[in-house]
Amino acid sequence: MPPEHGPASTARPAPPFDPELRTVLAAMGEEAKEPVTLDGLAARQNRDAVARPRPTIRELQADDRFEVEELRAPVRDGSEVRLVSARPAGIAGPLPLLYYMHGGGMIMGNAGSVVPRLLREWALPLQLAVISVEYRLAPQAQYPIPVEDCYAGLVWAADHAARLGVDADRIIVGGKSAGGGLAAALALLTRDRGGPVPIGQLLLSPMLDDRNNTFSSYQMVGRDTWDRTSNATAWQALLGDLYGAADLPPYAAPARATDLSELPPAYVEVGSAESFRDEAVAYANAIWQAGGEAELHVWPGAFHGFDTLAPQAVLSQDARDARSRWLRRIIGR
């Protein structure tokens, strides 16, 4: 990677989109690539809340195929974090737990909206339980609030494993985009605090680096569904006065970590045609250099959120299959 990155990088050619994904993206129009700005953040959050409504418990139960409950865990600052706990109905014995953080750039999204997909793709076929975390969103809640919310919920879940019917020794932390970044931060934080020890970390297109200066972040300006402008907006919303700080803690931005030793095995996934490509690849490489275990997938021609926006595409199906295989292997160890 060249030592200098800057606006000139935007003139460089970008990897081509996968043909199926390119068709879907074109059909969505320019709105799919509309950047999130600080001035337009409130309006974008309102739009997202309408587009991703929180499902009711009854809706998540899906005609009693799943056992679902809403829980609350105490947080260090005296507040509580909401957890959506779900598992296939009628399965006895402690189940492995996928402790999951939703995406949305730290500024959008909610815990419940991702649960149906988690149950359909993983909980049923792999027979595992799921907890989705309703961490507080920026800019109303800035660092360290979101990661502390996630940590509090993880500790509570491990301490109440018997009550939840889960195996405290088989917890996987995971998430997509902002949630992937939070999962990576959570793995670092629980290691350093001596908290619950996950058996794996599932990092899907993770948001890791507040510096926003990788080659791919410039290369995909105006092309990716989440580009450099949106990313800068999200990091500024999350970090506030800490934005741009040289000594930012790795629990805020895991790419800042200088010690990636003794972390759980990682599954790192990213698209070749998305802004987060280089920071995700660098993170997997840093885990290897620290003597750790990481499985890296760079899906050719994939933009950010490709499998959500184009779920029927062959590449999306391949990505889902690869994630499931990794989860099955980690759970079976």
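This is a predicted model: local features need pLDDT of at least 70, side-chain atom pairs count only at pLDDT 80 or more; totals for chains, interfaces and linings use all residues.
Modeller: Residues are numbered from 1 along each chain as its sequence is written, and side-chain values use heavy atoms, with hydrogens and water left out.

Biologist: At roughly what angle do the axes of α5 and α7 cross?

Modeller: Helices here are DSSP runs (H or I, at least four residues), numbered from the N terminus, and axes are lines fitted to C-alpha atoms over the stretch in contact, with angles from 0 to 180 degrees between N-to-C directions. The axes of α5 (residues 145-159) and α7 (residues 178-193) come within 10 Å, and they cross at roughly 65 degrees.

Biologist: Which element gives the most to the lining of the largest pocket?

Modeller: A pocket is an open set of points on a 1 Å grid over the protein atoms alone, where a 1.4 Å probe fits, with protein on both sides within 12 Å along at least five of seven lines, and lining residues have an atom within 4 Å of a point. The largest pocket is lined by 35 residues, with Asp 48, Arg 52, Gly 305, Thr 308 and Leu 309 nearest its centre. Two or more lining residues come from each of α2 (41-51), α4 (115-126) and α11 (306-309). With six residues, the most is given by α4.

Biologist: Which element supplies the largest share of the lining of the second largest pocket?

Modeller: This pocket is lined by 15 residues, and those closest to its centre include Arg 54 and Met 108. The largest share, three residues, comes from α2.
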